[in-house]
Amino acid sequence: MKLPYAEPFRIKTVEMIRQSTPEERKEWIKKAKYNLFNLKSDYVYIDLLTDSGTNAMSDKQWAEIMVGDESYAGARSYYKLKQSVEEILGFQRFIPTHQGRAAENVLFSAMLKAGDIVPGNSHFDTTKGHIEFRKAKAVDCTIDEAFDTTKEHPFKGNIDMEKLETVLKANKRDDIPLVILTVTCNSAGGQPVSMSNIKETAHMCRKYNIPLFFDAARFAENAYFIKIREKGYEKKSIKEIVKEMFSYVDGFTMSAKKDGITNIGGLVGFRNEELMKKVSVFSILFEGYLTYGGLAGRDLGALAQGLRESTEYDYLESRVGQVAFLGERCKEYGIPVQEPFGGHAVFVDAKRFFPHIPQSEYVAQLLAVELYIEGGIRGVEIGTLLADRDPETGKDRYPKLELLRLAIPRRVYTNNHMDYTAAALRNVYERREHLKKGLKIVQEAPILRHFTVELERL
Ligand code: F0G
């Protein structure tokens, strides 16, 4: 018998979590204005809101926290990080930042002007926010297969080369400061980008003389999918695949709170020295000196070690395997989930879950609310609330996919928690027809509204 995968770690310390009743939760979510970001985490039993900054660090990472030094300039931990970034990502030039959106902020401050166009496979919301905040335009060149949650495709994160070329042809070179490939593609459901797609994109960017950047938050999970799904990579190590992926890009931003397996941190990396100098000005202004970037020295050491651990095959097999475990359970119960399963999360297709409720009633948010009441599980809406209003027309933008994302923190929950989650979803699924109406907005911010939105039941 082929042995199943099991976690390549022992659990050395635990955090107790509080259980609650559906009656308590009904009260709490109402007080939170049906926005799960407003809930105290103590009111949540299994927190699948995000896999960002919610990871369990290893003994070696905690050791780095202890031995890290807190120098303002040139800390020992910074040099450890530098070595790790060079070794694993193959980049000699980089600046730490306090998280991913800070990396976007300092990079775009140096690269973007009003009226610019930034194409990508599918921009994450903070990336889109930072682009639109500068009166530039984020253009998603997503492959059509990504919009059908039932369609099997090994690399749904791929950029559509034809759509990309159309954008590159239709605009002046000076108005396209960069192209961004998000690996894995969070907005498309944690779906990977293939090495051949990365290579082709790099080739096209070179043809049009436009720099290519990664949004590399989940680069290691992407590399794992390349290893198990792309021909020619079966025998390569994750570290070799990661090196090759990064060899095609001119730079990257990274939220290190995901595949860095830390609780805080980010990076922005470059090949071009001039660009690094330009970004450095903003980095010092917004983040801190170039060798700490808004972090404590010890955080840099934990990240240096985290990058090494996240690029180990055994770790990735159990990590991505746990996501698939939850996905399979949901499928057994007939719950409509996106397939193939993503690297960091299972995405429930809310339009298929509630076909009788219109998208304008925020069905993925409704599902998030119901799952919370049912089991104390907190997921996050990736749908109409997240898509914000169109800055030009002021109207709701209806994305093709209306999803509830159940993001799994790294090395935190067991498969029993996954079983519990699937069972709670099943209970909601069984009573879905009793739910006749969705939600309406009573208060919202002009940008990134999903964080602070206030809702009511219709
Ligand atoms: N890029 C991607 C692909 C992301 O998923 C995120 C964050 C960011 C950039 C921004 O990084 O949070 O460190 O500032 N995603 C989190 C999530 C919040 O839940 O998916 P950050």
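Which order do the 3 strands of the open sheet have?

1. The order is β9-β12-β11, with antiparallel pairing; two strands pair if DSSP finds at least two bridges between them. Helices (H or I, at least four residues) and strands (E, at least two) are DSSP runs, numbered from the N terminus.

2. This is a predicted model, in which local features need pLDDT of at least 70 and side-chain atom pairs count only at pLDDT 80 or more, while totals for chains, interfaces and linings use all residues. Residues are numbered from 1 along each chain as its sequence is written, and side-chain values use heavy atoms, with hydrogens and water left out.

3. β9 (345–349) and β11 (380–382) are the edge strands; each has a single partner strand, so one side of each is left without a neighbour in the sheet. On average, neighbouring strands of this sheet are turned by 35° against each other, direction ignored.

4. β9 pairs with β12 (residues 403–407) in the antiparallel sense over 5 bridges. Asp349 stands opposite Leu403 in β12. Helix α14 (residues 363–375) packs on the sheet and touches β9, β11 and β12 (contact means heavy atoms within 4.5 Å). The direction of α14 makes about 45° with that of β12. Axes are lines fitted to C-alpha atoms, for helices over the stretch in contact, and angles run from 0 to 180 degrees between N-to-C directions.

5. The axes of helix α7 (residues 195–207) and helix α9 (residues 238–247) come within 9 Å and cross at roughly 20°. That makes α7 roughly parallel to α9 (angles under 35 degrees count as roughly parallel). Met195, Ile198 and Lys199 of α7 and Ile241, Glu244 and Met245 of α9 make the contact.

Terms used:
Angles under 35 degrees count as roughly parallel, over 145 as roughly antiparallel, 65 to 115 as roughly perpendicular and the rest as oblique.
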